[in-house]
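Me: Could you walk me through this model before class? I'd like to start with one residue and then move on to a whole chain.

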Amino acid sequence: MAAASDTIEAQHAAARALLCDYAGVLDDGPLEQWPTFFTDPCLYRITTRDNERRGFPLSIMLCDSRAMLYDRVEATEKANIFEPHTYRHVLSESRVTSAADGLLRMRTSFMCARTMRDGDLILFATGVYVDEIVSVSGQYRFRSKTVILDQSRIDTLIAIPL
Amino acid sequence: MAMTDLAMRVAWPAEGVARVPFVVYSDPEIFEREQSHIFRGPTWHFLGLEAQLPEAGSYVLADVGDTPVIVLRDAAGDIGALVNRCAHKGTQLLFVPEGKVKQLMCVYHNWCYDLGGRLTSVAFEKGVQGRGGMSPGFSKESHSLARLRVHRICGLIFGTFSDATPDFETYVGPELVANIRRVCGRPLRILGQYSQLLHSNWKLYIENVQDPYHASILHAFNSVMKLDRLTMEGGVVKGAKGWHHIAFSKMTTDRGDEIYGKGPMRSAEITAYGHGLRDPSLAEFWDDFGDGVSLTVQTIFPTFVLQQLRNSLAFRIVVPKTPTSSQLYWIAFGYADDDERKSALRLKQANYMGPAGLISMEDGMVGGLVQRGIGGDRDKCSVLELGGNDIEPIEGSRASESSVRGFWAGYRELMGL
């Protein structure tokens with residue numbers, strides 16, 4: 001974790017750039033790049049505030065390797081059927097909860113609007129990203145990313161990751 | 001509207017349960033009639049799990065159709081189900097989805113009920129300083145909360161409003177009872193919950209669950225990954241009167257590459273360039289029940305689903321919200337004695353199910369496609385003729401819609417349509 005040599009300000013700036021690029025890929029594509037934001041192995045989860053509060057370990061989506069992230073991309077692009085739609089993420093400032101030994105823990109609120117091809121636009125999801133960010137060979141990556149949704153009811157389905 | 005008028009307007013075709021008039025998926029009067037004749041009628045409804053009610057006073061809220069229900073463990077440890085509605089104004093007594101209470105106190109005017117639903121006190125019953133108070137004829141005894149009959153099996157709690165409902169085992173039939181015991185016959189551990197808003201009538205969802213025809217077609221992930229194909233050894237078992245069903249398959253018995261890999265099906269197009277899973281851990285599974293059956297999907301009329309998809313286990317219930325929308329609730333579970341590896345794999349296999357389910361995702365949207373597709377032609381019908389016209393299953397085959405027709409047999413009987 002070479003990021004230990006970076007200043008905390010530099011780490012923070014790099015982590016924010018990572019978050020910004022991540023949201024950009026989900027919103028504007030290409031989705032094939034989504035796995036490249038993670039280390040390998042990694043942990044990506046979507047869960048709900050309600051499950052977290054009650055100590056339930058269930059995820060709506062769970063990937064623990066880059067290969068599994070690619071499997072999800074492949075399923076989304078080739079196997080799963082859903083009405084075409086796009087996201088628009090808006091992220092808050094990040095709250096750094098710890099920074100030590102090259103590991104940055106951050107919490108960032110997000111809102112995600114979903115737009116269907118017919119123009120239907122809804123506030124699809126809000127919540128918090130709980131991220132563990134490390135630098136691997138100078139590249140910042142998510143070692144883990146837990147998407148905790150405020151809501152426990154999803155409108156229709158989640159095809160594209162959040 | 002009188003029943004005869006409604007029956008005339010719906011005009012079920014002569015083909016019987018091989019046809020379903022589109023009007024039943026959107027008509028507000030039919031929706032109302034379903035509430036009284038099905039949801040408050042002679043049917044059993046899944047209310048929750050004993051595991052959600054660990055102590056006296058523990059409760060969860062449920063919906064039986066549009067009737068709000070409290071499911072709770074009383075002071076003696078018994079489990080009861082009460083309508084969640086104060087006898088005074090009709091206010092919901094409890095409005096936090098789960099928790100623990102000592103009594104049921106209405107926030108509005110502090111009418112209080114014990115955990116058995118008996119009205120124990122009314123604020124200012126005797127008035128203030130001798131003035132006001134309830135009318136002399138008022139009797140607390142006659143204002144208890146309405147109770148549901150409750151049946152418990154393997155930690156699952158079912159309830160019914162009607163005295164006419166047969167006992168649970170007669171209602172569902174011995175094969176379905178056996179499968180509940182098979183899947184839920186040891187202490188359960190709840191892994192988590194979530195729900196989905198579906199833009200369709202509730203019946204479009206439950207028909208989808210009862211329909212083994214679509215599973216390997218709409219859910220291309222199933223057929224590409226060879227998780228569930230109609231070419232596997234399997235079949236459909238019907239519950240009592242054909243209203244309920246179990247579809248099952250054994251994934252180690254597949255011989256389907258000819259049909260799924262080469263036929264005019266989407267799976268063939270995908271197989272041509274698909275890699276299969278890069279991470280094989282998602283395909284890892286074990287035989288939970290020692291019978292080689294890798295998939296069972298069981299319904300209990302009208303809205304309950306018990307799912308065993310490899311080691312991914314869940315209860316689902318669909319609740320009607322409006323004639324054209326519904327909410328699908330999921331409770332994922334494993335067993336109290338699952339070791340770390342099994343727990344981790346069950347949580348990984350949960351990728352198959354729910355709103356982002358690699359397999360179940362499409363079920364959330366396809367009902368909405370039907371709902372929009374049938375707009376404008378309420379006098380037309382769907383056509384359900386795969387596997388014949390009746391509700392008898394075909395031995396050893398799931399290439400049939402007999403289970404969907406069975407649902408409609410129950411629906412027509414209860415609705416008088």
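This is a predicted model: local features need pLDDT of at least 70, side-chain atom pairs count only at pLDDT 80 or more; totals for chains, interfaces and linings use all residues.

Me: Is A:Leu103 buried, exposed or partly exposed, and why?

Reply: A:Leu103 counts as partly exposed, because 16 C-beta neighbours lie inside 10 Å, whereas a buried residue would need 20 or more and an exposed one 12 or fewer.

Me: And how far apart are A:Leu103 and A:Ser152 in space?

Reply: From C-alpha to C-alpha they are 30 Å apart, while along the sequence 49 residues separate A:Leu103 from A:Ser152.

Me: OK, switching to chain B, how many helices and strands are there?

Reply: Chain B has 12 helices and 19 strands. Its radius of gyration is 23 Å, close to the 22 Å that the globule rule gives for 417 residues, so chain B is as compact as a globular protein of that length.

Me: What share of chain B is buried?

Reply: Buried residues account for 48% of the 417 residues in chain B.

Me: Which domains is chain B divided into?

Reply: Chain B is divided into domain 1, residues 45-152, and domain 2, residues 188-415, and the C-alpha centres of these two domains of chain B lie 37 Å apart.

Me: How many residues are in contact between them?

Reply: In chain B, 7 residues of domain 1 are in contact with 8 residues of domain 2, and on the domain 1 side the residues divide into 3 nonpolar, 2 polar and 2 charged.

Note on methods
Residues are numbered from 1 along each chain as its sequence is written. Chains are lettered from A and ligands numbered from 1 in the order in which they are written. Domain bounds come from an automatic or database domain assignment. Two residues are in contact if their C-beta atoms, placed from the backbone, lie within 7 Å. Ala, Val, Leu, Ile, Met, Phe, Trp, Tyr, Cys and Pro count as nonpolar, Asp, Glu, Lys and Arg as charged, and the others, Gly among them, as polar. Helices (H or I, at least four residues) and strands (E, at least two) are DSSP runs, numbered from the N terminus. The radius of gyration is taken over C-alpha atoms; the globule rule is 2.2 Å times the number of residues to the power 0.38.
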